[in-house]
Amino acid sequence: MDVAIVGKGPAGWSCAMTARMRGLSTVIIAPKDDASMLRKAERVDNYPGLPQVGGEKMLDIFRQQALSLGVEEQFGLVRNIMPTGEGFMLLVENEVIEARTVVLCMGAGKPVLLPGEEELVGRGVSYCATCDGMFYRGKRVAMISSTEQGAEETQFLGSVVGQLDYYIGKNHRTDGLSQKAQVIGEKVKALAPDENGIRLTTDQGERVYDGVFIYRSAVALDMLLPDLKVEGGAIVTDRTMATSIPGVFAAGDCTGKPLQIPKAVGEGNIAALSAAEYLTKLG
Ligand SMILES: Cc1cc2nc3c(=O)[nH]c(=O)nc-3n(C[C@H](O)[C@H](O)[C@H](O)COP(=O)(O)OP(=O)(O)OC[C@H]3O[C@@H](n4cnc5c(N)ncnc54)[C@H](O)[C@@H]3O)c2cc1C
């Protein structure tokens, strides 16, 4: 792929359309229940050409237009982006997508990690049930989930583990929940190592598990792309939307205020043109 775009909000779709107009092979990636801020807008009045339109409808119009131009769509949370020298490898759940340039259009949503979480990643805490579920055959497992995808992943986990407690974070659809999963409505406060596994503390008490799986709709920037320059929570770019990493561009709410649709769309357009210029120079 010439361009991989992370995020399916106005910035991502706009970037995808311009990238295709420049003849670049383009993939756009976000989870199935993508978390674009625009979904929450009941009515938008400041976008030229689409008066009084609802946010969901607007996203659907953007998507149809981009797909008709040949944009490829992928589903999943991008968990990590690794520079390879010739481009980038994006880890999307348990799959790898390769691209020569990346445009970050992830919006302003930032995950708040649990106290103790970062230190336990790879030592009992995982973000991918498909990748790591088999390590917990017959064992006690907790899933802390704010996404529909977390609920779906319990189908596989439930068939492997001995006990599966499902802690519901942000409200989401749970139709896909395994019968094995026991829903626990307590608020998770912290994780810590314990001689018998991982101690999970909630607002009502403590439990110990062998493994903990966490599903959220966003990834912390320092986990996604460790060397990316960030100031005040916003990705630093120049006027061409280039970030501190050559070949990586950013657009929309993730680059900072104003958090507005027309600004996101404009930046997405510039990022695509800059990615095209970067690829032309690479030859
Ligand atoms: C209630 C409400 C009303 C609003 N009304 C207006 C309005 O009237 N006019 C206006 O101009 N603006 C309005 N806004 C603001 C507008 O919605 C945002 O400015 C706009 O959606 C930003 O677009 P974006 O593409 O940068 O990010 P978003 O639209 O937030 O999209 C981010 C995308 O990135 C995805 N993502 C995040 N992390 C990852 C990852 N690691 N891997 C893969 N995908 C990822 C998300 O799932 C999502 O698809 C409103 C916002 C809200 C909340």
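Modeller: Pro258 is found in the loop that joins β18 (248–250) to α7; helices (H or I, at least four residues) and strands (E, at least two) are DSSP runs, numbered from the N terminus. The peptide bond that leads from Lys257 into Pro258 is cis, and its omega is near -5°. The model is predicted, with local features requiring pLDDT of at least 70 and side-chain atom pairs pLDDT 80 or more, whereas totals for chains, interfaces and linings use all residues. Residues are numbered from 1 along each chain as its sequence is written, and side-chain values rest on heavy atoms, without hydrogens or water.

In total, 33 residues surround the ligand, and the closest are Asp34, Ala35, Ser36, Asp253 and Ile261; a residue is counted here if one of its heavy atoms lies within 4 Å of the ligand. By class, the shell comprises 20 nonpolar, 9 polar and 4 charged residues, where Ala, Val, Leu, Ile, Met, Phe, Trp, Tyr, Cys and Pro count as nonpolar, Asp, Glu, Lys and Arg as charged, and the others, Gly among them, as polar.

Ile261 also has a polar backbone atom 2.8 Å from an oxygen atom of the ligand. For Leu259, a backbone N or O atom lies 3.4 Å from a ligand oxygen atom, and for Lys8 the corresponding distance is 3.0 Å. A polar contact is a pair of N or O atoms within 3.5 Å. The protein covers 86% of the 1000 Å² of accessible area that the ligand has on its own, with areas taken from the Shrake-Rupley method and a 1.4 Å probe.

A wider view takes in the domains. An automatic or database assignment divides the protein into domain 1 (3–109 + 220–282) and domain 2 (117–215). Their centres, taken over C-alpha atoms, are 30 Å apart. Domain 1 brings 7 residues to the contact and domain 2 brings 11, contact meaning heavy atoms within 4.5 Å. About 760 Å² is buried between the two domains, and carbon and sulfur atoms give 49% of this area; buried area is the accessible area (1.4 Å probe) lost on putting two parts together, summed over both. Asp33, Arg79 and Met223 supply 54% of what domain 1 buries against domain 2.

Notes:
Polar contact = N/O pair within 3.5 Å; in protein donor to acceptor, adjacent residues only side chain to side chain.
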